[in-house]
Amino acid sequence: MADSLDIVTESKSRMQWWKDAKFGMFIHWGVYSLLGKGEWVMYANKIPVKEYEKLAEEFNPTQFDAKAWVHCAKRAGMKYIVITAKHHDGFAMYHSRTDPFNIVDASPFGRDPLKELSEACREEGIRLCFYYSHVIDWHHPHALHDTFNNLWDYELEKKAFFRYWNHKAKGQVRELLTEYGPVGLLWFDTSGGLSKKESEAMVNMIRGLQPDCLINSRVSHWPDFGDYQSKGDNEIPMHGEETREWETPMTLNQSWGYSTKDQVWKSTDALIRKLVHIISKGGNLLLNVGPTETGIIPEKSTLRLEEVGEWLARNGEAVYGTSASPFPYELEWGAVTVKGDTLFLHVYNRYWPAEELVLNGVRNTVKKAYMLTDPSTCHHVHQSYQPETDHHEMRIRLPELPPEDHVSVIALELDGRIDVDQGFIQQANGAVKLDLVLSEITTGNGMNEARWTFKAASSGIYEVNLVNFKKSDAVWEQEYDHEVTVRAAGQTIACIPREDKVVSHSISCQHPYTEIHSSIGRIVIENPGTYALTLSSKLAKPKPFGPEIWQAAAVKLRSVRLVQAL
Ligand code: H79
């Protein structure tokens, strides 16, 4: 018993810097950067090892400047850097003594970028962390993954996994933890096929070498490994979905490694909104850049990062060291974070409300409301309470135009610890959002049923919508091949959901998914009060067992949304 308590305390204290940091830089950089087609190019084009080695002989990133990269991260407001020490192509981006296929021994460059980065990071107070592809390795004849192997050079039957694992994988992780000073975090990926025993052996080796080094969950495909949950690539969870700390790895465009073709970039506005949205759900954002083969972070990336950093320089108080929103659902106008007795309302400028912002469910009294960037401002707040429905409403008077770029933060000083109605209640615009992860789910004969209770503060007609995320290659009709039924307030509505509306500025949804809303019908709420709502659909599934390394579902049912129509 004492042992497990010690383990929890230990993990909490080594996690603290990362919990407070919120925002990190991911760097995908390797021989593949030469081809400008992302980090999977060797696999996608079945490039033979011998040919890939010739490419390595051309890899000479003479413009690489560790200080410039670290400054870029720092100016962006990022507190840690995770760089690919070795990706799936098996090429080590540092001077490995374990395997000669590395940047010092197999390329003309002759310098060790990780060494240079570790020095620059130490000077600037940024935590340096390493990505290491421990299971996939297309260069080594004996690396073995459950799906993605180099079968154009090697035969599956001839693989002797432990020759790879004990020598190269463990040997290189050992080097990274002994040659580069304190490592903030080891970021593993795609561990399909790795046994529980070997996952544990890897974790134990790391703990023995650097007990404070964090480990992400992808070190294993078995559940609950590592210090925190890595969400799927580009995946943002719903409120309450994760029981552990978590992080979303995210691309700035749609690629990790440098891509010349991919020009689908997230805007600065979207990036800031996504950042505060993730933090309001309690997570961290690890945002990727893919430097070129010469060692330059593309300008499209640096420009955006600079703008995010400028915003953070003014509003960081509402980001770093904060904790998650106390509301168990997404707010339509923005995001909420908390520090002590202060509630920060991050209002997205694109949804800036005319005259006043309405916030329901806060039981505290507000002592003062001001714009974070100008504490001398004082905004009028009107709070009221309806005892019949136990409904708390707050109206904050706002200037006509948002005072900040992108996202304007209002600080609310409360009369004590934040105390919020934890139920599903109506938001300012009359909407009620019910997320699947916070429903009670019963399963049976193919159809599942999700159930919530919610509080309607006012009577009226409500539109019922389903919120789904659809993967780019998914066929909608294959997933929704059945009628979906919603029951509430004594009424039943049913239909086969269609793709009625594509949401173009979704906050939590991004490539390779699109947010789709489907209209199911209308229900009438005759009297304010508490109601049950049930949803029957094959897609109303409980959270899958074990970690999802990347997002696999073709269509993900996220929420039911009620919007007051009249
Ligand atoms: O490092 C980045 C990716 O290379 C790595 N994780 C992030 C952080 C990753 N490894 N595996 N996967 C992601 C999932 C594999 C997806 C695939 Fe595909 C779908 C492999 C083949 C089809 C993506 C799309 C890669 C090639 C096409």
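**View 1. R14 and D227 form a salt bridge, with their closest N and O atoms 2.9 Å apart.** A salt bridge here means a side-chain nitrogen of Lys or Arg within 4 Å of a carboxyl oxygen of Asp or Glu. R14 sits in helix α1 (residues 2-21) and D227 in the loop between β5 (214-215) and β6 (229-230), so this pair ties together parts that are 213 residues apart in sequence. Helices (H or I, at least four residues) and strands (E, at least two) are DSSP runs, numbered from the N terminus. Buried or exposed? R14 is buried, at 10% relative accessible area, and D227 is buried too, at 7%. Buried means under 20% relative accessible area, exposed over 50% and partly exposed in between, using a 1.4 Å probe and protein chains only.

A quick note on what you're looking at: this is a predicted model, where local features need pLDDT of at least 70 and side-chain atom pairs count only at pLDDT 80 or more, while totals for chains, interfaces and linings use all residues. Residues are numbered from 1 along each chain as its sequence is written, and side-chain values use heavy atoms, leaving out hydrogens and water.

**View 2. K67 and E123 meet through their side chains in a salt bridge of 4.0 Å, N to O.** K67 belongs to helix α4 and E123 to helix α5 (residues 113-124), so the pair ties together parts that are 56 residues apart in sequence. K67 is partly exposed at 46% relative accessibility, and E123 is exposed at 58%.

**View 3. E198 and K170 make a salt bridge at 3.6 Å, N to O.** E198 is buried at 9% relative accessible area, and K170 is buried at 18%.

**View 4. Helix α9 (residues 299-315) has 17 residues.** From first C-alpha to last, α9 reaches 24 Å, close to the 24 Å expected at 1.5 Å a residue; that expected span is 1.5 Å times one less than the number of residues. Which residues of α9 are buried? Among them are L305, V308, W311 and L312. What covers the buried residues of α9 includes α4 (66-75), α8 (268-280) and β10 (342-348).

Key. Contact = heavy atoms within 4.5 Å.
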